[in-house]
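User: I would like to learn how to read local features in a model. Can we work through some cases together?

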Amino acid sequence: MTEMIEVQFGEALQEALSGVLSSPSHRALEIGGPTTYFDELYKWIDQAKGGNIDNVVRPLVDEYEIENFQRRGGVMVEGACAEGGEGGECEEGGMYPYEINGALLGKQYFAHGADLPFEDESYGFIMASHNLEHYPNPLKALLEWDRVLKPGGYMFLNLPDPRYTFDRRREVSDMSQLLKCYNAEAGLSKEDAFQYLVERKIQGILSITAFEQTKGETEKEAEERWRAMVGNGREDDSWVDKFHWHVFDPGLMEEIFKCLGYEVVGMAGVAPFHMMSIAKKNG
Ligand SMILES: C[S@@+](CC[C@H](N)C(=O)[O-])C[C@H]1O[C@@H](n2cnc3c(N)ncnc32)[C@H](O)[C@@H]1O
């Protein structure tokens, strides 16, 4: 693993946020929040002046509950939508209050994180925690986040450190794979997506519901049914949101930020399995 630039990460984060907190025109955007272990960060925002951070969450469907994410607490939706149960009463494209611990922090949008309903250069700080790995086409998402980030703004990404998660036996993705997905536009090829499922089934990760045989179905038939369902890993299939499509490490993060033309201002590994980085957009 490439050496991390472990420089006073908390300070870098505070510095990144201070610009947002001190300017009324600099809003912050979270994608795939809220993030409970960032309570402190939400408090800073609330204390500074409430109503300064928006959130974008993808509505979820139960139909393809491949990894049983909800039961494992992988999906956290607060505020108006929580009452409907995992977005049950919320609609794609809808806008709801973004409340955390009773504090109204901003607006919550139900949209795809790689297709944001915002103007160019409209946010001063963008954060996404354990979110980027859920996109088959992460470069597409990153370019979209770059589009809405103001010059001089900060991008704060938290990703699972594969050494401490169920990804530990997987190979770290490289830029050529990410570019391949970007060029394929829809994400992974059908075969790639299927191979991904097979690999994880072998690892025992998809044991909960994946490849489950329905009554009267042979293993082969179940596999064929899954192969058909995989489609081509299209971004608009909501089940796609539940996987870790790619595995990141600090080296890949540095390369990604370099390609975006961003300056990395902090990287840190934080127990138990977080890999955090903050980078600044030129401007
Ligand atoms: C593992 S959870 C992380 C939740 C929280 N940010 C944290 O760090 O604990 C992944 C989150 O990403 C969201 N998500 C997955 N794919 C998404 C997409 N395409 N657009 C927006 N949000 C997405 C899920 O709804 C879920 O809330």
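Analyst: Start with H130. This is a predicted model, and H130 counts as partly exposed because 19 C-beta neighbours lie inside 10 Å. Burial would take 20 or more. H130 sits in the loop between β5 and α3. Its phi is positive, about 50°, although H130 is not a glycine.

User: Which other residue has a positive phi although it is not a glycine?

Analyst: E121, with a phi of about 45°. E121 lies in the loop between β4 (103-110) and β5 (123-129). E121 is partly exposed, with 16 other C-beta atoms within 10 Å.

User: Is R163 buried or exposed?

Analyst: Count the neighbours again. R163 has 12 other C-beta atoms within 10 Å, so R163 is exposed; the cut-off for exposed is 12 or fewer. R163 belongs to the loop between β6 (149-160) and α4 (175-183). Check distances across the chain too: the C-alpha atoms of R163 and F273 are separated by 7.7 Å, though the two residues are 110 apart along the chain.

User: How do α3 and α4 cross?

Analyst: Read the axes. Those of α3 and α4 come within 7 Å and cross at roughly 80°. That makes α3 roughly perpendicular to α4. P138, L139 and K140 of α3 make the contact with L178, L179 and Y182 of α4. By class, the contact has five nonpolar residues, no polar ones and one charged.

User: Where are cis peptide bonds found, going by omega?

Analyst: Look for omega near 0°. The bond from A271 to P272 is cis, with omega near 0°. P272 is in the loop between β7 and β8. Another cis bond joins G33 and P34, with omega about 0°. P34 lies in the loop between β1 (27-31) and α2 (39-49).

Key
Residues are numbered from 1 along each chain as its sequence is written. This is a predicted model: local features need pLDDT of at least 70, side-chain atom pairs count only at pLDDT 80 or more; totals for chains, interfaces and linings use all residues. Helices (H or I, at least four residues) and strands (E, at least two) are DSSP runs, numbered from the N terminus. Axes are lines fitted to C-alpha atoms, for helices over the stretch in contact, and angles run from 0 to 180 degrees between N-to-C directions. Angles under 35 degrees count as roughly parallel, over 145 as roughly antiparallel, 65 to 115 as roughly perpendicular and the rest as oblique. Two residues are in contact if their C-beta atoms, placed from the backbone, lie within 7 Å. Ala, Val, Leu, Ile, Met, Phe, Trp, Tyr, Cys and Pro count as nonpolar, Asp, Glu, Lys and Arg as charged, and the others, Gly among them, as polar.
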